[in-house]
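Good morning, colleagues. Please keep the sequence and the model in view while I go through a few selected sites.

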Amino acid sequence: MTMLRASQLRRSTTTAAAAASMRMLRNNQQLTAGALLIRYSSMCASVSDPSTHKHPLFTKILIANRGEIACRVMRTARTLGIQTVAVFSTADRNALHVQMADEAHMIGPAAASASYLQASRIIEVAQQTGAQAVHPGYGFLSENAGFAEQLHKAGLTFIGPPAAAIRAMGSKSESKRIMQEAGVPVVPGYHGERQDAEYLRERAQEIGYPVLIKAVLGGGGKGMRIVEKPEDFDMMLESSRREALKSFSDDRVLIEKYLTKPRHVEVQVFADTLGNVVHLFERDCSVQRRHQKIIEEAPAPGLSAAVRRDLGEKAVQAARAVGYVGAGTVEFIMDTHTQQFYFMEMNTRLKVEHPVTEMVTRTDLVRWQLEVAAGNRLPQLQKDIHCHGHAFEARIYAENTTAGFLPDTGHLVHVHAPKESADVRVETGVRTGDDISVHYDPMIAKLVVHGDDRADALRKLRASLAAYQVAGVHTNIGFLARLAASPDFAAAKVETGFIDKHRDELLPPVLGPAPDAVALAGLALLAERAHSASLHTLGGSNSPWAATDAFRVNAMSVQRAEVAAGELVFCVESGAEGVRVLRDEEVLAEYPPAIPEWTPQTQGGALQVLLGDRLCSATVVFDRRTREIVVFFDSRSTRFAVPQPAYALADAHGASASVAAPMSCKIVQVLVSAGAKVEKDQPLVVLEAMKMEHVIRAPAAATVAAVHYAVGDLVDSGKSLVAFED
């Protein structure tokens, strides 16, 4: 483990005797970073009151990240009068974090490996701009010990933990060894160096299925695979290694017993260079899909006082064991029934879900990071930290929940977030007009709410989700709303298998749209057509030639609009006899004559109309790129397509007897060839999108007629990958 230097400790003014002792410690090569930090901190504490020797904060920092976390850091920096430097890729030229920064510098092309992971280029920009410190955010270089060391050599401060702590906790096997020595319980498993497949298969058999394969480095669910039975082990191991190598440049794995009904509970810790280590209570992050969190809360519900206290103490113990400095999170997996918990890993950075901790502790953890990095004492010690109420964070993602939570990409035609207040926060890095790119994480925003208790916070979460509007990409907002409305979620019966257990409730069959929503879509389309016609017709609005009310001499005045939802095509008729919704000439709904009030907006408009005895108000968005209409009504969104004329339809590539790319992606592995006979659910192709791998399987037993793409090819969403013989 690399030994810390005195300059890394950013100590407060101390006596000559303490300085001499420090020099003696530095000459002792036997000391670990943690032991050095603890002994030095105790000396400083004995000769000086750090609170009376506060160091000034930095005047300019560079943020080596993008998106919402870059914006989050900038907001705190701005309140402290600290200037910020943004870095960006060519894909992020007009991104929100670029606009928010005091200055911004391009560092490379769109691919993260050529931009946000280019440590030398980021350091070069920091030196050119006069930045004194670098905040890594999360992801990218945030847990890269080499980056922290490079910054130190360049005379820059890394706003994060010591490189030694990052390195120790970055290895899941090494971290578990350290935790065992420190008396922190760990999950049974194999964490050794031997990595040949046959040996790992034997260890899995000894541990007992199901087992969990995890990348030794990294996190975020990347490289993680659950193996239910021995015959799946080899394929899952290969997939795990491949994903780990791409994400972390290291394909080593460990094998652990997979607890079938666990909770994911983590503790926020913070430490300064003066020997103070505190916890800021725990968070529950059990509700996940694809091993990635989508909703978090603080504090964790249903824990006994003894367990809650033990969690905090063990987390502090873990931080002390590695000489930790700064913000960190100690993750535990907990048995749902016994509340026995085991150490999983320590994230040596600020985490995505840190706002729920800020809400319940009334703190600004980014400010804490800046204070600690400047060499100051923690703003609060353990006795000063209290938990107030309850908070939730819901992650708003661009993803198609009905297609297995596959990430989506596209243009954000319309984004309308709920109104922010002391109890409602929206952390985002995008706005209307931005693109969700295949190159980066598909998160749109984090919706954070606070209440006096869990029930109060949950009500606010439901209301805020109902007010959130996004058009242009598929999102998980509707899914999150159903989750927040689930009786078992309200009862805090949370576990990592919650989504699978409640799949029928959370992912119900996709039914046809409600007649009211169809009527609103059709009426909005008619109103927009009328508005556009009035703007472009010669003679002005008083001219009869500008009329768009379908008036015909000796004929009924009826206007018609067609909209489609999936395979269902609807016709909306509006005239003197009323409004009708039809499908295949069957009347689905009838309303009295209606006069819509249409207020045009940039990408659609606001519609208010009386349907029967109900006054309906809706926001309607037109996505002219895709010929889609999105109706926001009744706290939900409904997507429609405007059918194209038959002559305008392009010839589809690939027959129905084929499988298509569910998203824009890269081909990682092709497992079949033309002429091969495949069984139902047999893997055909492995794709990579949003830094995650996805396996495409055969929909039925068939013979492969053609494979359209090879390894390394980039494929657009909807393109046929593999065709089958009829």
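Predicted model: local features only at pLDDT ≥ 70, side-chain atom pairs only at ≥ 80, totals over all residues.

Leaving aside residues up to four places away in sequence, Glu331 touches His264, Val265, Glu266, Lys293, Tyr342, Phe343, Met344, Glu345, Asn347 and Lys351, where contact means heavy atoms within 4.5 Å. Glu331 belongs to strand β15, residues 326-335. Helices (H or I, at least four residues) and strands (E, at least two) are DSSP runs, numbered from the N terminus. Glu331 counts as buried because its relative accessibility is 3%; buried means under 20% relative accessible area, exposed over 50%, and partly exposed in between, with a 1.4 Å probe and protein chains only.

Residues are numbered from 1 along each chain as its sequence is written, and side-chain values use heavy atoms, with hydrogens and water left out.

Let me turn to the chain as a whole. The protein chain contains 20 helices and 42 strands, and 53% of its 726 residues count as buried. Of the contacts in the protein chain with a separation of 6 or more, 62% are between residues 24 or more positions apart.

Next, helix α9. After α9 comes Gly183, which has a positive phi, near 85 degrees.

I now move to a pair of helices. Helix α10 (residues 197-207) packs against helix α11 (residues 233-248) at an angle of about 115 degrees, and their axes are 11 Å apart. Axes here are lines fitted to C-alpha atoms, for helices over the stretch in contact, and angles run from 0 to 180 degrees between N-to-C directions. From α10, Ala197, Leu200, Arg201 and Ala204 meet Phe233, Asp234, Leu237 and Arg241 of α11. The residues of this contact comprise 5 nonpolar, no polar and 3 charged; Ala, Val, Leu, Ile, Met, Phe, Trp, Tyr, Cys and Pro count as nonpolar, Asp, Glu, Lys and Arg as charged, and the others, Gly among them, as polar.

Finally, the backbone. Most residues other than glycine have a negative phi, and most peptide bonds are trans. Tyr209 and Pro210, however, are joined by a cis peptide bond with omega about 0 degrees, and Pro210 sits in the loop between α10 and β7. Ala298 and Pro299 are likewise joined by a cis peptide bond, with omega about -5 degrees; Pro299 lies in the loop between β14 (295-298) and α12.

Ser249, not a glycine, has a positive phi of about 55 degrees, and its place is the loop between α11 and β9. Is Ser249 buried or exposed? Ser249 counts as exposed, because its relative accessibility is 66%.
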